[in-house]
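Here is a friendly walk through some local details of one protein model. Have the sequence and the coordinates open as you read.

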Amino acid sequence: MGEEEETMVKTRLMGGYGGEVVVVGGFPAAESESGSDSESESDLDSAASEILLLWSLQAPTSFAPNAFVSQSSLQLRIDACGHPLSILQSPSSLGTPGVTGSVMWDSGVVLGKFLEHAVESENLSLQGKKVVELGSGCGLVGCIAALLGGNVFLTDLPDRLRLLKKNAETNLQGGNLRGSAVIKELVWGDDPDPDLIEPLPDYVLGSDVIYSEEAVEHLLETLLGLCGRQTTIFLAGELRNDAVLEHFLASALKDFAVGRVDQTQWHPDYRSRRVVIYVLVKKLER
């Protein structure tokens, strides 16, 4: 019985999310020893265990990508929060090296619909909350967060803002907006605009932002700068490269507690074995 208990999935509440999440690591109870060496080893073990679990249970690469989007289309039409949304895409921009935010990815659709479902299920409230979205791309997630009542800052690199602004203007007009939406430039690793951190946000969102080991350091630096004790982070990602995700988790666990949202808590019509949603909260300074 003792061995069974050790292998049981551990769940707990995290930050501003009302549903229980699967514990990945970074919580005080998991730190059996003090000292940087033991903590670093524990972080690596937790990251490796998570990757092994995901790839063995979900077998993500055996499923076709892009179940919810068509990246060859100029438009993605989707209903959210009782409103039809029309998200413009620029498929031709995919030919430019390093440019991926010109089209939608499944992880963005999954995260946006998860937020909608979580609010409907009363596991989450964005009404009047400050929300910062990283790597907004086409802007679907940020638009849904604004429709749900969040005061949202949609951010991306300078050369990605034109499409982002167009989609925000197109989908957030009229009397259907319960929150607000502002477009801001943000380069990961650089000092953020004061509006993004004064005050610090209640929620930080990101979809498909874990895509290379080189970007992980700057992403985590930005997350640390944006987060206070009250901040809850939701990150959705496509399960493409196990090494990149393991590197991110091992690095993130040094400063954040990390949990995974089980798919039973996602929107029932938008679930994919190729996508994962994590919740992060900043560790308390000791």
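Which residue in β2 does R12 stand opposite? R12 stands opposite V21 in β2.

Before going further, a word on the ground rules. This is a predicted model, in which local features need pLDDT of at least 70 and side-chain atom pairs count only at pLDDT 80 or more, while totals for chains, interfaces and linings use all residues. Residues are numbered from 1 along each chain as its sequence is written, and side-chain values use heavy atoms, with hydrogens and water left out.

**Strands**

Helices (H or I, at least four residues) and strands (E, at least two) are DSSP runs, numbered from the N terminus. Strand β1 (residues 11-14) pairs with strand β2 (residues 17-25) in the antiparallel sense, over three bridges; for two strands to pair, DSSP must find at least two bridges between them. The hairpin of β1 and β2 has two residues between the strands, and G15 there takes a positive phi near 55°. β2 also pairs with strand β10 (residues 256-260), in the antiparallel sense and over three bridges. In that pairing, the bridge partner of G25 in β10 is V258.

Now to a loop. Q89 is found between β4 (83-88) and α3 (106-120). Q89 counts as buried because its relative accessibility is 5%; buried means under 20% relative accessible area, exposed over 50%, and partly exposed in between (1.4 Å probe, protein chains only). The side chain of Q89 has a polar atom 2.9 Å from the backbone oxygen of S73, and a polar atom of that side chain also lies 2.7 Å from the backbone nitrogen of M104. Not counting residues up to four places away in sequence, Q89 touches S70, Q71, S73, L74, Q75, S102, V103 and M104, where contact means heavy atoms within 4.5 Å.

**Helix α3**

α3 is mostly covered, with 14 of its 15 residues buried. Just after α3, E122 takes a positive phi of about 65°.

**Salt bridges**

A salt bridge here is a side-chain nitrogen of Lys or Arg within 4 Å of a carboxyl oxygen of Asp or Glu, and by this rule the count comes to six. The table lists some of them.

| Pair | N to O distance |
|---|---|
| K113 and E116 | 2.6 Å |
| K184 and D193 | 3.5 Å |
| K184 and D195 | 3.0 Å |

K113 and E116 both lie in α3, three residues apart, about one turn of the helix. An α-helix has 3.6 residues a turn, so residues three or four places apart point the same way. Both K113 and E116 are buried.

K184, D193 and D195 are linked in a network of salt bridges. The salt bridge of K184 and D195 joins strand β7 (residues 180-185), where K184 lies, to helix α6 (residues 194-197), where D195 lies, so the pair ties together parts that are eleven residues apart in sequence.

Note on methods. A polar contact is a pair of N or O atoms within 3.5 Å; within protein, one must be able to donate a hydrogen and the other to accept it, and residues adjacent in sequence count only if both atoms are side-chain atoms.
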